[in-house]
Amino acid sequence: MIAAARRDSQSAKLLVVDAEGGIRHLPRATLGALFSQGDLVIANDAATLPASLTGIHCGSGKPIEIRLAAWLSVRDPTRFAAIAFGAGDHRTPTEKRMLPPPLLPGDQLAFGPLMAVVEHPLNDPHLYRLRFLGDRATIMAGIARQGRPIQYAHVRESLSLRDVWTKIAADPIAFEPPSAGFALDWRTLENWRQRGIGFATLTHVAGISSTGHPKIDLRLPFDEPYRIPERTAVAIKRAKSKAKRIIAIGTTVVRALESASFADGSVRAGDGIASKHLGRETSLRVVDTLLTGLHQPGDSHFELLRAFADETVLLKLSAVCIRNGYRIHEFGDSMLIERRRTAVRRSFSLLCCGRAVTTEPHLEMN
Amino acid sequence: MMPTNIDLKKLRVAVTGGTSGLGLALVRLLSARGARVAFVARTAGLVRQIAQETGAFGIVGDVGYKDDIYPVALEITANLGGLDALINNASTLGPTPLAPLADTQCEELEHALRVNLLGPFQLTKALLGALAASARAGQGAAVINISSDAAVNAYSGWGAYGASKAALRHLTAIWAEEARADGIAFLSLDPGDMDTPLHSLAIPDADPSTLKRPQDAAAEIVESLLTALSYDTAGQFGVIP
């Protein structure tokens with residue numbers, strides 16, 4: 001277990017931004033004492049796959065790292081969209097990583113005993129369709145043993161699965177951790193329960209956050225599949241009917257809930273695909289409050305914050321974070337941001353209602 | 001008579017130590033009755049053989065080895081699509097032939113604690129999110145830790161095993177209290193003296209006819225599991241306080 005994660009759980013801080021843009025500083029350990037009776041907290045219970053595989057390009061004998069970036073069909077581990085790097089590891093920033101040996105359709109890759117075949121590029125020369133050989137159990141065993149969590153240069157220590165699974169991690173389906181959930185522990189959930197605060201989950205495939213290729217990064221986040229349990233939808237309806245707050249743990253929860261939303265703030269249970277980018281023009285229908293990590297202007301998480309707060313508030317946050325020594329990375333501190341209070345709710349929404357989705361690939365690809 | 005409100009065919013169960021003795025009997029019984037089963041054991045050849053025989057998902061891993069825990073948890077939940085019940089059955093006797101504590105090496109006790117106590121602790125922790133998700137969905141969730149009368153009674157020569165099983169039994173009791181509100185039942189079950197490889201390793205000259213058949217013990221454990229799950233699905237663990 002990495003030292004950073006251990007330290008953070010003891011001393012993490014919480015930046016609270018209220019609906020008027022007012023700011024408070026709290027220890028994150030006080031999370032269990034926040035919110036009111038009847039409010040509903042919703043978290044993403046996706047567990048994270050060890051989606052980085054290091055091995056050999058069989059044709060050239062050269063080292064290669066594959067990062068699984070998206071399911072082609074959810075829960076089918078035979079095929080993924082993947083990006084590739086040459087020699088090196090996560091300590092080199094992704095945009096400076098060596099290119100992989102040229103990859104042609106039919107090329108074989110070996111990750112220990114786990115074998116894969118390059119099928120074809122997906123709209124971009126750096127994004128490939130990859131097929132693993134073997135049955136489901138064999139492939140999952142190979143990924144479990146040969147894979148490591150995707151990680152970036154700002155954390156030098158090698159992460160293990162334990163470092164990237166939240167305490168509530170259930171369904172191993174995400175490519176990167178739904179990291180806002182690192183703020184949750186069982187004690188906090190117990191405190192909420194005792195205070196009459198509801199807790200429910202959904203499962204959202206948190207995707208890869210950076211590929212090192214500007215053209216692909218512009219397409220991030222990819223369309224992300226999610227599943228909202230019936231009980232979660234019922235709990236939301238009930239909380240909404242009593243005018244209680246819906247608190248989302250992480251931007252993935254916001255994306256899923258708003259994708260599945262109806263105009264009255266209820267949500268459609270079942271499977272869907274979060275494909276819309278949320279931002280300034282988004283009128284939030286479901287989520288009142290968001291717990292998230294601290295994000296820099298420019299990244300897609302920051303764009304989503306514009307749905308919650310005005311530009312002036314968000315710009316102020318960066319300075320506040322620096323001045324108060326907040327740690328801005330996925331194992332760092334947290335922010336709780338309330339949706340801005342608006343005189344008149346915008347009557348339109350850019351979000352379509354949640355779509356029922358069966359097993360179509362969720363990436364629009366060749 | 002089994003409780004009827006739990007559909008075994010929808011049940012997703014993981015069993016550690018699934019290639020011999022009680023664990024194997026559990027894998028066979030649960031698979032035969034239609035449950036979705038994943039089992040863990042150390043020997044790849046045996047895992048393959050039992051997987052082929054039963055149709056269960058076989059996972060090669062050692063619960064006594066810390067680095068195996070999360071990969072094993074990943075394989076369990078990915079193959080079963082979640083988890084309703086975990087049966088921590090894998091055990092080691094400690095020194096064999098059985099030895100008095102005064103002759104037991106510290107490393108032998110450490111190993112017994114690692115396999116019989118820390119392994120179940122870590123695997124349960126790694127799978128607690130999946131179990132809680134099952135409970136939230138109204139399907140119930142349970143952890144069964146296989147115990148022994150040596151966890152309660154002081155038998156000469158059973159120091160490493162008895163101490164580790166006693167600790168596991170108490171861990172189970174405390175976890176039962178802590179996880180009750182999350183809808184996860186924790187049970188410590190003593191299957192009794194069975195005709196298993198572990199028993200013959202401990203008492204080589206025991207008369208097998210005086211010992212319980214592991215398949216009978218497995219049937220009792222499955223019954224206890226179904227009772228625990230039917231209690232948990234009574235509806236009191238919804239998301240609304």
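The following legends describe close-up views of a predicted model.

**View 1. Overall content of chain A.** Chain A contains nine helices and 18 strands. Of the 366 residues in chain A, 48% are buried. Among the contacts in chain A with a separation of 6 or more, 74% are made by residues 24 or more positions apart.

**View 2. The open sheet of chain A.** In general, the strands of a sheet pair through backbone hydrogen bonds, either parallel or antiparallel. In chain A, nine strands form an open sheet, and their pairing is mixed. The order of the strands is 2-1-18-17-15-3-13-14-16. Strand 2 (23–27) and strand 16 (270–274) of chain A are the edge strands, each of which pairs on one side only. On average, neighbouring strands of this sheet are turned by 25° against each other, direction ignored.

**View 3. Strands 15 and 17 of chain A.** Strand 15 (residues 246–249) and strand 17 (residues 289–293) of chain A run parallel and are joined by three bridges. Within this pair, A:Ala248 stands opposite A:Leu290, a residue of strand 17 of chain A.

**View 4. Helix 7 of chain A on the sheet.** Helix 7 of chain A, which comprises residues 251–259, packs on the sheet. Helix 7 touches strand 3 (40–44), strand 13 (198–204), strand 14 (224–228), strand 15, strand 16 and strand 17 of chain A. The direction of helix 7 makes about 85° with that of strand 13 of chain A.

**View 5. The two assigned domains of chain A.** The domain assignment of chain A gives domain 1 (3–48 + 158–338) and domain 2 (52–148). The C-alpha centres of domain 1 and domain 2 of chain A lie 29 Å apart. To the contact between them, domain 1 of chain A gives 15 residues and domain 2 of chain A gives 15 residues. On the side of domain 1 of chain A that touches domain 2 of chain A, eight residues are nonpolar, six are polar and one is charged.

**View 6. The contact between chain A and chain B.** This contact takes 31 residues from chain A and 22 residues from chain B. On the side of chain A that touches chain B, at least two residues each come from helix 2 (136–146), helix 3 (161–164), strand 12 (171–174), helix 4 (186–194), strand 13 and helix 6 (230–241) of chain A. Helix 2 of chain A supplies the largest share of this side, six residues. The residues of chain A that touch chain B divide into 16 nonpolar, five polar and ten charged.

Conventions:
Residues are numbered from 1 along each chain as its sequence is written. Chains are lettered from A and ligands numbered from 1 in the order in which they are written. This is a predicted model: local features need pLDDT of at least 70, side-chain atom pairs count only at pLDDT 80 or more; totals for chains, interfaces and linings use all residues. Two strands pair if DSSP finds at least two bridges between them. Helices (H or I, at least four residues) and strands (E, at least two) are DSSP runs, numbered from the N terminus. Axes are lines fitted to C-alpha atoms, for helices over the stretch in contact, and angles run from 0 to 180 degrees between N-to-C directions. Two residues are in contact if their C-beta atoms, placed from the backbone, lie within 7 Å. Domain bounds come from an automatic or database domain assignment. Ala, Val, Leu, Ile, Met, Phe, Trp, Tyr, Cys and Pro count as nonpolar, Asp, Glu, Lys and Arg as charged, and the others, Gly among them, as polar. A residue is buried if 20 or more other C-beta atoms lie within 10 Å of its own, exposed if 12 or fewer, and partly exposed in between; C-beta atoms are placed from the backbone.
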